[in-house]
Amino acid sequence: MNGMGIMRRAGICAGLLVISAGRAWSGGLAEHALEWPSGAELLRVLTLQDYNTRVVIIGAGLLGLAAGLIGTFLLLRKRALLSDALSHATLPGIALAFMLMVAIWGDGKHLLGLIAGAAVFSVLGTGSVMLIQRHSRLKDDAALGIVLSVYFGLGIALMGLATRMESGNAAGLSSFIYGKTASMVFFDALLIGAAAVVCILFCLLFFKEFTLVCFDAAYAASQGWPVGRLDFFMMALVVVVTVIGLQAVGLILVVALLIIPPSAARFWTERLRSMLWLSGAFGALSGLVGAGISALMANLPAGAVIVLTASLLFILSLTFGTARGLVRLGLERRRLRLKINRENLLRELYEWFETRCGTSDPGFNECQLLNAPGRPELLSLRAWTPAHFRRSLRELQSAGLLKKISSDAFGFTPEGLAKAQAVVRKHRLWETYLITHADIAPGNVDWGADEIEHVLDLDLIATLEQVLTATRPAGMPQSPHELAASERNV
Amino acid sequence: MDWTVLDSWIVVTGMLSAMSCALLGNYLVLRRMSMMGDAISHAVLPGLAIAFLISGSRDSLTMMVGAVLIGVMTAFLVEAIQKLSGLDRGASMGVIFTTLFALGLILIRQAADHVDLDPGCVLYGAIELTPLDVYEWGGLEIPRAAVTNAAMLLVNLAFVLAFYKELKITSFDPALATTIGINASGMHYVLMTLVAATTIAAFESVGSILVIAMLIVPGAAAHLLTDRLARMLALSLVIAGLSAVFGHIGAITVPGWFGLRDTSTAGMMAVAAGAIFVCVFFFAPHHGVTGRAFNRILLSMRITRDDILAFLYRFQELAPEGSPPVSASDVENAVKAGSAARLVMWDLVRRKYVDRSAEGLSLTEEGRGLARSLVRSHRLWETYLCNKMGFCAEDVHYSAHRLEHVTDKALQDQLVEEAGYPFQDPHRKTIP
């Protein structure tokens, strides 16, 4: 129920966001509405005719694929936010590399140099996080926050210096913060492509090792795997994806490419291999679509559009995912609730007849004919809403478990009686177990058993029978407390 | 360095915003939710943008309301996604805040040409410009940002003082809080609301990412310095204030060494906070790296001392009357502590527990008393472990060997009682 409440409230929140966004649109944005592309432009982008667009879209797609793959392992290793810290930590590296190159060559805009600086500092940042975690009592969240903000602060301070230098032309450096996909040149795309292909290959080659480290690092270590080195290698791949992604989506949003696609893939499957591929596909799709959209509409920053595309995929997965999606969970919960209602009705009816006719077979049918309860009596046996009650009654009738005995009185069919006996038996076995083994007072066990009886399976029942040797396998145990049905009778 | 009244105002504004952040940050650190501060401060961007677009002005109140709404929504959505989908907290945070940040970036870009809102300014603030935007108040010109941040600091202070007990219990033991009737999730959301509001107030001065430095670093450093909550709060305020002061001084002096004019004060504030943290990390008395290493060395010294005393006692117990004292090198080999043993021996002689003569070492009367007590603890433990816990194997000696160092008089007496007033240990040695 709690889950449903959250869902409802989350819905309201999302609704509010939409409303406020809508108001913003009509209030301010309408004046500079986006320029929608013409059909010809759309065609040009879709068919990748434009050289520059082709470079950008393919680069973004490959980046998304690589990030989706390695992000899967990052997510399973529960280190999603570590990527946030290490991407923020790249900023001082970029600024320092720039200043160093200006001092040496007089020009600081060499992409490889900047990326090398970024990589060095992201490794330093990761190292600092580990250091703080291992050698102080601060928890991982504080370590991440400290490293992220202090390194970023250092980066901002160094950027301030870099922009005040007379030579070197630092104007484009800030594109590393927000990303500037549109300005990618062929060389950038080539670099991204090469790095992405390397990452993809390593992810596939080390699939088994990474899986082992992610799911049970202690076990992997005991089996003789070099867990520390594998872990380091995995983080190195994350660093590679992060630094090549800086230029495309910017250092704040590059984490989204590592986190969102695998999180979305999680809703569709419970198998790692399919999750890996799905996550890669989601990443690639976000990259392609996002870069495409931003190529069509000049005023949209590509990094943000790529991330929002990924978020859209996430929302779709969250809702419709076949393994853990909300729709599926909701349906399952509903199915269980209906089953519980039906079983409760069967039990109440059985106990009704039990207190009046006994349990012995001969004479039961005649007794049932005489004592069959009507709707009002059945309804009053339990605190259920009339609607739930009517629905359960209808379903049981159509399943052939209950039959109408007269115009407004109900009894069991033979199959219904057997089914009801099974349900009541489960209930009473569990009650007896609670009384004898969990020391719960007989007056309180009914509710405890009420919750659990619907999920007891055959194995568990067999175990219960073994534990409760007093109960003979076939017989119906006595109810340890007074029955609601008999109280009504008095 | 030219220090003007502008510089003073920059420092005051920086201190006020840093302190109001740090106060709440303590609770984020204690609740292990530091990254929630990160998520909220990134996610308020669309709130700011939307409020901007609706009101068309930089009126603080509208921005505050818009951003606080989005901030609380972020906290809520993170929680909801975590519960609904079973993703871990970090991942659900990552999904939410990057999405909202991307949304905010797009909205800001759309609005950039007609409103004065620059993403760079949002990210790392413009504290250098705050003294230019002033309130006239009683003939005094006070920067607007300083007033906003002072108000926020007062609100946070009032909140922390009013709900000191509730915050403490919910931070350390939410389950206990719920059982004694404190609404733990209510406290959580109030805290998140205030974090969002503080983030906005501090935006103009330190920007959205450096706000995280002020939220987390002072609290984390203070957490390493003390074990008491009230002291931690006070220390974090001091550290926050110092970061602002040193940050601004650093921003206008350090670049001078390289022939440049100055750099971002907000960035340097984060760096200063980081530098303070590094100092605390290494040199904090109990929880610092060197402090802990020092304690470990002291402990191992004490253990070596105990070992030497006990060894000398046992030697004298076994040696016939009048035999020569044991040589220093034999003692060194016996306690297996390397050169540390020599240092400890020197210390023992200095304290007059041990006599050093030409032939070797012997216990003084004082040292003998101390050593007797140690051996007594050792043999009592052996007896107790063997008789009462059925733990009589060879290695009972080693267990007793570890325990003897932490056994005081009261524990000895209790052991005597528990072991039934024994005279001999399992190895048939007399208990002194």
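Helix α15 of chain A (residues 302-320) has 19 residues and reaches 27 Å from its first C-alpha to its last. This is close to the 27 Å expected at 1.5 Å a residue, where the expected span is 1.5 Å times one less than the number of residues. Helices (H or I, at least four residues) and strands (E, at least two) are DSSP runs, numbered from the N terminus. α15(A) is mostly covered, with 14 of its 19 residues buried. Buried means that 20 or more other C-beta atoms, placed from the backbone, lie within 10 Å of the residue's own.

The model is predicted: local features need pLDDT of at least 70, side-chain atom pairs count only at pLDDT 80 or more, and totals for chains, interfaces and linings use all residues. Residues are numbered from 1 along each chain as its sequence is written, while chains are lettered from A and ligands numbered from 1 in the order in which they are written.

The contact between the chains takes 65 residues from chain A and 68 residues from chain B. Two residues are in contact if their C-beta atoms, placed from the backbone, lie within 7 Å. On chain B, the helices α2, α3, α4, α5, α9 and α11 each supply at least two residues of the side that touches chain A. α4(B) gives the largest share, 16 residues. This side of chain B divides into 44 nonpolar, 17 polar and 7 charged residues. Here Ala, Val, Leu, Ile, Met, Phe, Trp, Tyr, Cys and Pro count as nonpolar, Asp, Glu, Lys and Arg as charged, and the others, Gly among them, as polar.

A nonpolar core is a set of buried Ala, Val, Leu, Ile, Met, Phe, Trp, Tyr and Cys residues joined through C-beta atoms within 7 Å. The largest has 217 residues. Ile70(A) and Met214(B) have the most contacts inside it. α9(B) gives the most to this core, with 24 residues. Apart from it lies another core, of 18 residues, among them Leu346(A) and Val424(A). Ile70(A) touches residues including Cys199(A), Leu237(A) and Val241(A), not counting those up to four places away in sequence.

Strands β1 (residues 402-406) and β2 (residues 409-412) of chain A pair in the antiparallel sense over 4 bridges; pairing requires at least two DSSP bridges. A hairpin joins β1(A) to β2(A) through 2 residues. Leu402(A) has Phe412(A) as its bridge partner in β2(A).

Notes
Buried ≥ 20, exposed ≤ 12 C-beta atoms within 10 Å, placed from the backbone.
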